[in-house]
Amino acid sequence: MPLQSGEEIVDSSLSLVELTARIGNVIHTSPAIQNVWVVAELSDASLHGGHFYADLIQKDDAGRTLARMRATIWRSYYNALSTRYFKERGESLRNGIKVKVKGSANHHNQYGLSFNITDLDPTYVDEGDILRRRMEILKALQTAGIADANKQVPVNPDMQRIAIISAEGAAGLGDFVNQLSFNPDGFRFTYHIFNSPMQGERAAAGVIDALGRIAAESDRWDCVVIIRGGGATADMNCFDDYELAKHVCLFELPVIVGIGHERDNCVLDYIANTRCKTPTAVAEFLVNHQREAWQKAVGIVTQITRETSLRLEGENRRLAQISTFVPSLSRNILEKETIRLKSVQTTIPMLVAGATGREKARLEAMQGQLPAAAAAVVTRGKEKLRSIFGIVDVLKPENTLKRGYSITRVDGKALRDASAAMPGAELKTELANGTITSTVS
């Protein structure tokens, strides 16, 4: 709008400091963004001079960042909040975790918008994120074809040797051991505790290490039990771990889990050989399994006893029936054998006479053939002797020498190897006509 005559020009623009100051006033005086609880994921976290700095971010299901804001926990709050969080969760504030924090929006002239955190809820768990992560792990195990591998491991009917993975001194472990040791049936179990952290960021690696120690002596155990008592839902997150789940899937012994309460779930519940709702329930399962094995054994023994008794009764009846036939059978056999012997008695003289006649004729025929056969043997012997004498004559030393061969001797012994003739040795070479004496040089 053009200026009118006499109007004064007024500059209504703001300096940057004035603008940021106005923004700060609006933020600081708005109750809707002061002392509010916010759920977000930590990113770019760092600690400087006792102050905690990070970015609060929110992502969509595809992982794209929808919002980001700088956040600060001043040193006056950080020690108490971080200690409380670690005590509850077993881990420190770090990148990638979702947190529920309380604080106020703040605006600084130089550093812009930020969120000052004054409190946090260490028990907060994003159920949606947990479920998504759990489903991702289960899907990866199914894609690898190992999700049901441990479920297919055969279970020993007599599971008495138990390898326990748990934290020593834990209440859940104590309940399990008491239930197992003082079972009403008096069954005896052998067990050993493979100690491992059961919450926090070290738990998954600890359980994997315990599985490795058990695998090294797997012939000592019938099954593996992984137990942990109840607690905060966040405490169970450590069991939603792909590497841990893979080790359980591929383990050579059946794995039985009892983690938390009935309402608690983790990946191990879906891929272990057997899932029980609590550590006590695992002990009850083992006792019941032993009871079933015992009852089955008793049933087999009872059946064997009954079958044996019935078989003995049947055999006794059969023997009684056979005993009534034995006398008549004996008489019939004796009569048949008597008739056969009489028949043989009449046949023997005729057989002997026939055999004697045949042998006599054969002997008479041989008597006529003996002179010619003997003469032929003598003739063959003479021919063989003449042949041998001819070979001996050819091989005589003097005849061999006449064919151009010679014999060389050292110390009276025939020389067969040139290495036996040492320098200076005297050689005597015998020819067909005469002997030559020489010295080795």
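**View 1. Phe194 and Trp221, a buried aromatic pair**. Phe194 is buried, its relative accessible area being 5%; buried denotes under 20%, exposed over 50% and partly exposed the range in between, with a 1.4 Å probe and protein chains only. Trp221 also counts as buried, at 4% relative accessibility. The model is predicted: local features need pLDDT of at least 70, side-chain atom pairs count only at pLDDT 80 or more, and totals for chains, interfaces and linings use all residues. Residues are numbered from 1 along each chain as its sequence is written, and side-chain values use heavy atoms, with hydrogens and water left out.

Rings of Phe, Tyr and Trp (its six-membered ring) pair if their centres lie within 6.5 Å; planes under 30 degrees apart are stacked, over 60 edge-to-face, and the rest tilted. The count by this rule is three aromatic pairs.

**View 2. The edge-to-face pair of Tyr53 and Trp74**. The ring centres of Tyr53 and Trp74 lie 6.3 Å apart with planes at 90 degrees, so the arrangement is edge-to-face. Tyr53 belongs to strand 2 (residues 51–59), whereas Trp74 occupies the loop between strand 3 (65–73) and helix 2 (75–89), 21 residues apart. Helices (H or I, at least four residues) and strands (E, at least two) are DSSP runs numbered from the N terminus. Tyr53 is partly exposed at 29% relative accessibility, and Trp74 is partly exposed at 35%.

**View 3. Lys100 over the ring of Trp37**. The charged end of Lys100 sits over the Trp37 ring, 5.7 Å from its centre; the criterion requires NZ of Lys or CZ of Arg within 6 Å of the ring centre and within 35 degrees of the ring normal.
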